[in-house]
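Welcome, and thanks for taking a look at this one. Here are a few numbered points to read alongside the structure.

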Amino acid sequence: IGFVVGWLEKFIDDGPVEIVVSLVVPYAAYLAGEHIHASGVLAVVACGLYLSRKSATFFSPGVRMQVMGVWDALTFILNGLVFVLIGLQLAYVLAGIRGQYGMVTLLEYGGIFSAVLIALRMVWVYPAVKMAYLFRRWAGHAEKQPDARNVFVIGWTGMRGVVALAAAISVPEMLADGRTFGPRNLILFLAFCVILVTLVVQGLTLPTLIRGLGLARTTAMSAEEREARRIALEDAIGYLEERRSEHGDGFFHAFDDLLDRYRHRLEQLELGYGDEQNHGTYRQVIEAAEGAVRAERRAIIRLRDQGRISDDVLRTMERELDLEESRYQVAKI
């Protein structure tokens, strides 16, 4: 399915169509996997991984922004529905185990089970991170080995949610011989406890934990991202210099303007993030550029209110300004 969709994507460049395709493909992959008596879930995962990697080449910028925006909204809605489902199911689950266990006993089970899961994650995350570091180093990636504090934070971020609930709900109500599977409601209750404890306790204490471990500092660019940005900017500068020489003297001023922008970004990448004064200057420039965009926005709104331009013209220019301002907002991070 992934190969077929990847081939078809070469002939599609329409946002709504791409969104529909992204919604239909998981079901098609699941049905295809079940049809050949394989795992439908694994088929969906494999298809998703393949298309996610290929999407960088067959999505146009406009389509990619639309698809990502829709999926962000869908993810938020589905997560919300899952927690609504938790609330609706909890009363039935408690009714199914009432009389078998006391409420105090159930709360003890839930607390112990949650603590054991948190402890198990903390135990295996240290060797897992170490193995991942050794493997990436063997593969040629030069990385700094994470210290114990960072690994502890990774272990503490093991919040449970949709996956844990889906695994619990997938437990059958009836066994193959027709008997009711008694512990199912207890399993669901324990899953609810784990979700509540990990989201509330671990989630709410995470900022305090990060500050307590001394990891709270201004967001810094990783070495991997810095290297990627440097190479991308250098390639862009090389392309512009080549095109400038091809077009001759008549286009020098236009290309020089573009080259100045890219060279300035490269200079700030190499110097600005390592020097607080340069970084502060860079942020001031970005804020000034944002202010200019907002001034443009106020101007076109004023022109629309005065009846000098139509709503269609406003929406066209508004989209351009939204894209430009969003880029500046990302650059400030």
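Predicted model: local features only at pLDDT ≥ 70, side-chain atom pairs only at ≥ 80, totals over all residues.

1. Where does the second largest pocket sit? Its lining draws at least two residues from each of helix 2 (15–35), helix 3 (40–58) and helix 4. There are 23 lining residues, and Ser-22, Val-25, Pro-26, Gly-48 and Trp-71 lie nearest the centre of the pocket. The space inside comes to about 690 Å³.

2. Next, the nonpolar cores. The largest has 15 residues, and those with the most contacts inside it include Ile-86, Leu-165 and Phe-192. Helix 4 (61–97), helix 7 (162–169) and helix 8 (184–212) each supply at least two of its residues, and helix 8 gives the most, with 8.

3. Setting aside neighbours within four places in sequence, Leu-165 is in contact with Val-82, Leu-85, Ile-86, Phe-192 and Ile-195. A second, separate core has 10 residues, among them Val-5, Val-25, Cys-47 and Val-67.

4. On to charges: the count of salt bridges is 13. In one of them, the side chains of Glu-234 and Arg-230 meet at 2.9 Å, N to O. These two are 4 residues apart in helix 9 (residues 223–247), so about one helical turn separates them. Glu-234 is partly exposed at 34% relative accessible area, and Arg-230 is partly exposed too, at 24%.

5. Which parts of the chain does the bridge between Asp-256 and Arg-244 link? The closest N and O atoms of this pair are 2.4 Å apart. The pair links distant parts of the chain, with Asp-256 in helix 10 (residues 252–272) and Arg-244 in helix 9, 12 residues apart. Asp-256 is partly exposed at 25%, whereas Arg-244, at 18%, is buried.

6. Helix 10 also holds Asp-257 and Arg-261, 4 residues apart and therefore about one helical turn from each other. Their salt bridge has its closest N and O atoms 3.4 Å apart. Asp-257 is partly exposed at 38%, while Arg-261 is exposed at 52%. Elsewhere, salt bridges that share partners join Arg-294, Arg-297, Asp-322 and Glu-325 into one network.

Technical notes. Residues numbered from 1 in each chain as written. Heavy atoms only, no water. Core = buried A, V, L, I, M, F, W, Y, C linked by side-chain atoms within 4.5 Å. Buried < 20%, exposed > 50% of the residue type's maximum accessible area, 1.4 Å probe, protein only. Contact = heavy atoms within 4.5 Å. 1 Å grid on protein atoms, 1.4 Å probe; cavity = no way out; pocket = protein on both sides within 12 Å on 5 of 7 lines; lining within 4 Å. Points joined across faces, edges and corners; volume = space filled by probe spheres on them. Salt bridge = Lys/Arg side-chain N within 4 Å of Asp/Glu carboxyl O.
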